[in-house]
Amino acid sequence: MFEHINTKLCRKLAIREIRFHKVRSVLTILMAVLVTGIFSFVLFLVSTEGAGYEYQIRGMSNTQADILFTGLTKQQAERLSELKDVKEAPWYQSVGTVSEGGASYQLASYSKGYAPTVEAVPTRGRLPEKSDEIAMEVQAAYALGGSSRVGDSITLSFVPEQGEEPVKQEFTLVGTWDSNMYSYLMWVSDELADQFPQPANTASITAGVNLWRTWHIEEKAEKLAREIGVTDPQQYTVNSVFQEENAERITSHTASILKNCPIVFLCGFLMFFSIFQMMLELDIQFYGRMKTIGMTPLQMRCVVYHWVGILVLFSVPLGWLLGYGLTQWVSATFVLTGNDLPGMSLVLPWYDFVLSLLGTWVTVFLAAFWPALKASHMTPLLALHYTGHPTRHPKRDKEISGHTYHPNSLFLIAWKGVARQKGRMAFALAALLVSAVFAGVVAVQYISRDLEKFVSNKFSFDYLVKGDGQKYNVFYDPDDHSLTPELYERLSKAVGNQNISRVYYAETKIKLTDFLWKEIVDYYERNMEYYQDYLQYVGFEEAFRELKEDHTISAAVYGVEEEYMRVMTNEMFDLAGHYDQEMFEHAPFAYVSGMNKNTMNQADDYDQPLPKEGSVLSVDEADYTVMGTARRPYNSMFVKPDAAFYLECYISMANFQKQYPGRSPVELLISAPNGQEKEVARIVDSYQEEKGYNYFTIDRQLYYDGGRMSVWTMLGPKIILSAILFLIAILGFINLILHRTLARSKEFAVYRSLGMSRGELLKLLILENVLFTVMAGVLVYGISAIAAGPLVQYLNRSEPDVWFTYHFTLAPAHVLMAVLIILAVMLPIFSVHVTEQESITRRLNMDA
């Protein structure tokens with residue numbers, strides 16, 4: 001019968017174990033589901049966030065394609081899609097070019113395959129069908145026509161591909177979309193494209209190529225170019241996502257999530273090891289009898305591994321479902337909220353399922369290996385007489401004789417019961433400690449995110465109102481007059497004049513002094529390579545030529561009040577000089593900032609030269625003494641796109657109104673005392689409805705919501721992990737308590753035969769559990785207090801966070817201990833009820 005490994009017999013014995021120990025099998029399946037769920041959740045989240053992060057980096061190249069080819073003929077584009085390394089090569093053919101304000105846009109007939117690669121699929125309205133219809137990105141529509149409303153008219157002047165003379169035409173805007181990329185495409189109808197026919201050899205096609213495999217993509221790009229006859233390397237560009245530094249950014253981003261896998265493995269291993277150890281202790285006599293009839297150690301281990309395999313087989317599909325549900329929830333709630341751009345959906349590659357299965361299987365197998373090996377090498381004689389604990393001593397048996405017990409004697413019996421189980425308790429305790437410390441670190445990180453500091457760095461007022469011309473938050477409109485004195489008066493009555501700060505705006509050209517002009521020109525000529533690529537769409541060369549020839553530079557002039565200036569100087573980066581309120585208000589003084597490499601996420605070593613403190617700056621024939629400078633522009637998003645080089649000049653509101661009379665404010669920044677934000681919002685909403693305006697408004701609550709979402713995005717997955725690890729540790733504690741009770745059925749029968757009542761037995765078990773819980777609590781509180789704080793501070797030093805303010809908490813330990821105490825009291829009631837189902841005599845005659 002046992003001459004060789006009989007798989008069918010081993011499977012039957014494994015199924016017998018599952019049926020015989022239903023409670024333990026259910027607990028094992030639950031923990032296997034949780035472990036599989038965590039592994040799959042971490043892997044799914046890594047794939048989803050990695051894909052989303054890669055999508056964002058790809059967008060920096062203004063395309064999602066692996067390689068971008070430009071200036072192709074139709075024959076070259078068709079040949080490109082036929083090459084064996086190419087997965088797909090969608091393309092579009094340009095009809096003409098629009099040049100406006102230094103920016104360049106291309107008119108093209110809609111390409112269904114190419115449009116998604118540049119986020120150019122209309123989400124409002126429809127595609128053009130007639131020759132006088134057009135679809136474009138929202139910000140491009142606003143910059144070119146002053147409106148992005150579907151149905152509005154836009155007049156454009158474009159140069160056809162086969163022509164030199166511009167064609168001026170009025171279009172109806174029939175479709176728009178939002179994009180994180182620079183949208184240089186405008187879709188027109190096939191009818192318009194047919195009006196400007198192009199020969200077959202016209203090099204006006206742009207193709208986005210995706211490869212089957214992106215290994216050695218630079219070499220593959222060169223090979224593809226050679227095969228289609230492209231000799232100019234400027235005609236193809238490899239996506240920036242394949243640059244080494246960007247690949248490292250993606251790897252480091254996903255690695256921060258994968259670092260949680262060892263903790264999952266450790267907790268799972270400790271719990272499964274405890275379960276298998278207890279299981280074999282209960283069944284060791286059964287296996288001893290099997291050994292007497294010829295079962296070998298290898299066959300015994302085979303039975304255990306079959307048992308493990310069957311449980312994992314049942315658990316893994318449920319674990320995958322749990323991991324999928326958690327990832328779906330986290331992706332929708334924490335990562336993707338407010339961002340419905342394509343490419344950011346859930347990513348579930350097949351290998352994540354395989355890796356999560358392997359993770360669970362390895363965890364369970366390693367946990368079962370040592371107990372199975374130990375039991376399989378016991379001799380039949382030792383196995384048949386194995387009791388799982390030291391032999392009882394007469395002295396301890398004497399302590400429980402009689403019907404009346406002194407509390408001290410009951411406490412002593414409970415203490416000795418705990419001492420005899422210390423080996424089994426160690427694994428449950430280790431899992432509790434790991435989960436408690438992990439949760440403690442996450443909790444400290446969570447409460448140390450200073451939301452007020454975050455909001456103050458982002459927005460120092462309670463409410464902001466921009467005029468109707470600033471609807472899409474792109475550029476200020478100096479000719480907008482929608483923020484009327486009447487609105488200002490209504491708001492002043494509600495919050496007071498001192499709590500409203502007005503911002504005025506003008507655009508101009510500033511004549512530079514010879515010294516400053518030479519500094520700026522020399523600076524850009526030295527660093528031309530750093531700026532050329534970034535500013536290719538904003539007329540860099542044209543603006544630089546104008547700068548050198550005319551000695552002028554674009555300027556954004558802001559007229560501001562005291563409170564705004566105070567906030568601005570507090571939030572400016574790299575300040576030089578000083579701010580004196582009285583001098584600024586009553587004398588021609590200016591604060592200046594300018595474009596620099598920081599604005600474009602480049603190195604800090606190359607900063608545009610600025611006027612020196614104390615120098616004189618001429619703004620529209622008015623001279624201003626420079627009070628101070630800042631390297632980074634405070635309002636750089638509100639400068640016109642043709643201003644490739646510019647300065648920001650901040651002057652007092654009084655000086656601004658003298659120099660630019662008749663202007664209206666472009667912004668109102670409001671501090672709402674005593675929680676009057678709702679009243680401010682009501683006034684603004686009612687006024688714009690009354691006058692038919694369409695203001696752009698922001699309130700402070702928006703930044704609070706953004707801060708909370710940022711916290712959840714960073715810590716949400718860790719919070720879920722800590723909750724599931726808590727659950728695993730608690731399930732291990734339940735398994736320990738039930739095992740300690742159910743495995744001592746004969747011992748309890750001895751106690752009852754010597755006169756212990758059922759109530760006293762219940763008190764004994766509760767006391768044992770409380771003693772263990774107290775010991776666990778001491779360790780959990782002690783180690784959490786010692787380890788959690790330093791770990792969080794270490795993590796913050798390695799990954800600095802400007803809005804981190806250290807706070808300590810033991811809340812996870814409180815929650816864990818509360819649950820353990822409840823279980824320590826409730827579980828003995830159940831287990832005593834189960835053990836008391838059989839008579840004392842039957843239990844005394846049990847083999848184990």
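**Close-up views of a predicted model**

Among contacts in the protein between residues at least 6 apart in sequence, 82% join residues at least 24 apart. The model shown in these views is predicted, and its secondary structure comes to 28 helices and 21 strands. Of the 848 residues in the protein, 51% are buried.

**View 1. Helix H1 meets helix H2.** Helix H1, formed by residues 7–20, and helix H2, formed by residues 22–59, have axes that come within 5 Å and cross at roughly 100°. That angle makes H1 roughly perpendicular to H2. On the H1 side the contact is made by Glu17, Ile18, Arg19 and Phe20, which meet Lys22, Arg24 and Ser25 of H2. Sorted by class, the residues of this contact are 2 nonpolar, 1 polar and 4 charged.

**View 2. Helix H2 packs with helix H24.** The axes of H2 and helix H24, the latter spanning residues 700–742, lie 10 Å apart and form an angle of about 165°. An angle over 145 degrees counts as roughly antiparallel, and H2 and H24 are therefore roughly antiparallel to each other. The crossing of H2 with H24 is left-handed. Residues contributed by H2 include Val23, Leu27, Leu34, Ile38, Phe41 and Leu45, while those contributed by H24 include Pro717, Leu721, Ile728, Gly732, Asn735 and Leu738. By class, the contact of H2 with H24 divides into 20 nonpolar residues, 2 polar and 1 charged.

**View 3. Ile728 and the largest nonpolar core.** The largest nonpolar core of the model has 83 residues, and Phe276 and Ile728 are those with the most contacts inside it. Helix H24 gives the most to this core, with 14 residues. When neighbours within four places in sequence are left aside, Ile728 is in contact with Met31, Leu34, Val35 and Ile38, and also with Cys267 and Met271. Another core, of 28 residues, lies apart from this one and has Phe544, Ala590, Cys649 and Phe656 among its members.

**View 4. Thr363 within helix H10.** Thr363 lies in helix H10, which runs over residues 350–376. Thr363 has a relative accessible area of 0% and is therefore buried, the cut-off for that term being under 20%. Not counting residues up to four places away in sequence, Thr363 touches Phe39, Phe265, Gly268, Phe269 and Phe272.

**View 5. Ala200 in a loop.** Ala200 is found in the loop between helix H5, residues 190–194, and strand E10, residues 205–211. With a relative accessible area of 63%, Ala200 is exposed. Ala200 and Gln75 are 125 residues apart in sequence, yet their C-alpha atoms are 7.6 Å apart in space. With neighbours within four places in sequence left aside, the residues in contact with Ala200 are Thr73 and Lys74.

**View 6. Two loop residues with positive phi.** His551 lies in the loop between helix H19, residues 540–550, and strand E14, residues 552–560. Although His551 is not a glycine, its phi is positive, at about 60°. Glu621 is found in the loop between strand E17, residues 616–619, and strand E18, residues 622–630. Glu621 is not a glycine either, and has a positive phi of about 70°. The relative accessible area of Glu621 is 80%, so this residue is exposed.

Methods: Residues numbered from 1 in each chain as written. Predicted model: local features only at pLDDT ≥ 70, side-chain atom pairs only at ≥ 80, totals over all residues. Heavy atoms only, no water. Axes fitted to C-alpha atoms, helices over the stretch in contact; angles between N-to-C directions. Helix = DSSP H or I, 4+ residues; strand = E, 2+ residues; numbered from the N terminus. Parallel < 35°, antiparallel > 145°, perpendicular 65-115°, else oblique. Contact = heavy atoms within 4.5 Å. Nonpolar A, V, L, I, M, F, W, Y, C, P; charged D, E, K, R; others polar. Left-handed = near helix turned anticlockwise from the far one by under 90°. Core = buried A, V, L, I, M, F, W, Y, C linked by side-chain atoms within 4.5 Å. Buried < 20%, exposed > 50% of the residue type's maximum accessible area, 1.4 Å probe, protein only.
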